[in-house]
Amino acid sequence: MQKSLYHVKSVNSSLVQLLELFCRTHGLDLPSHALQYKVNQRVPFAEWLFLLNHIEQQYPVSGLGLKIASLAKPQHLGILGYIGLSCHNLMEALTLFYKYQRLSYDFMNVSVSSCENELMISWEFDPYCKAGSLADETMIAIFFNLTNQLVYPQRITVNRIEFVSSVPKNLQLYEQYFNCPLEFNCSKTNMYFPLSDLSLTVSQADPVLNQILSHQAESLLAELPECNSFDEVVQHGIIHAVHQGQISLEYVAQQLGYNKRMFQYKLQQQGYTFKQRLNQVRKDLAISYLADSSLSILDISLLLSYQEQTSFNRSFKNWTGMSPLQYRRCILGEFLEEQEE
């Protein structure tokens, strides 16, 4: 099965438990496999989107993301939620949220900055790899809800929020939930707080527990794929195209959900062209195949979707300075030497 960015990125299984709670509350159902995720398990982002869509089909109401978020508790962010509860104040909680947010929701990039008397938290979304308005509004609303829970019985003040999404049909629902001015159709989602709110204290602060949880969070973060998984997805896409005999930029772009122009731009950002990445993938596959003595040179050229063996021979010599047969003999010679030793 072709691996897309939606399968590389992931969410914590605690967020799926929030959806399960919402379904129980409203008499809805979730697919049985969604109930089998273990604590702290990574759930592919594609699965998260599927489950949200499954709920929306059964419960097509305005502000669905807000309704889901209203049930959220700190545990629904996994270890990130518990870290927040153990912080001293809102400033410490937001700092650690910025650092570890990928442990809960590894899809959007978060940044924090200040200007004059305001703190701005920004969520940037790749416009060519969208989560959708329901997923976006759900996570922003969860963040707003849980931030207020951390400082309860105090309450944060939000000066305004700018959303990427278009104006919702029932704007009043959103104004009531966030209780601040809202703007839509913006380049990225921004939430503005007064800097004075950073001193709001967390009632369950526990510095010792915070240190223990932060250490554990570092270990979990190290296990996640790098933030930039685009190159990995491109590699899988090209391998799939080679095996299907559909070697073209247009085919790979379509499989990964991009148009041709945007795919070329994304490749350029990585510092290579489609042809360069294709050659690297073919070279790596060829070296792997040549180690298998049951495959002839003709077999390998066909596996790599070359129309003629001579084309494969020429390419391989450009990559390594040897013909495929010379390279295979070299591999065999090294193997025999190792056996003799």
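Predicted model: local features only at pLDDT ≥ 70, side-chain atom pairs only at ≥ 80, totals over all residues.
How many nonpolar, polar and charged residues are there in the lining of the second largest pocket? Residues are numbered from 1 along each chain as its sequence is written, and side-chain values use heavy atoms, with hydrogens and water left out.

**View 1. The second largest pocket, with about 460 Å³ of space.** Of the 24 lining residues, S133, L134, E137, P168 and Y174 are the closest to the centre of this pocket. The lining divides into 12 nonpolar, 8 polar and 4 charged residues (nonpolar: Ala, Val, Leu, Ile, Met, Phe, Trp, Tyr, Cys and Pro; charged: Asp, Glu, Lys and Arg; polar: the others, Gly among them). Helix α7 gives the most to this lining, with 5 residues (helices are DSSP runs of H or I, at least four residues, numbered from the N terminus). On a 1 Å grid over the protein atoms alone, a pocket is an open set of points with protein on both sides within 12 Å along at least five of seven lines, whereas a cavity is a set where a 1.4 Å probe fits but cannot get out; lining residues have an atom within 4 Å of a point. Grid points are joined across faces, edges and corners, and a volume is the space filled by probe spheres set on the points.

**View 2. The largest cavity, with a volume of about 170 Å³.** Among the 14 residues that line this cavity, L77, L80, G84, F97 and L150 are the closest to its centre. The lining has 11 nonpolar, 3 polar and no charged residues, and α5 (79-85), α6 (90-100) and α7 (133-151) each supply at least two of its residues.

**View 3. The second largest cavity, with about 100 Å³ of space.** The residues that line this cavity include L77, L80, F97, W123 and F143. By class, 10 are nonpolar, 2 are polar and none is charged, and the largest share, 4 residues, comes from α7.

**View 4. Helix α12 (residues 260-270) and its buried residues, M262, F263, K266 and L267.** These residues cover an arc of only 140 degrees around the axis, which puts them on the same side of α12 (the arc is that of the directions from the helix axis to the C-beta atoms). On the other side, R261 and Q268 are exposed (buried means under 20% relative accessible area, exposed over 50%, partly exposed in between, with a 1.4 Å probe and protein chains only).
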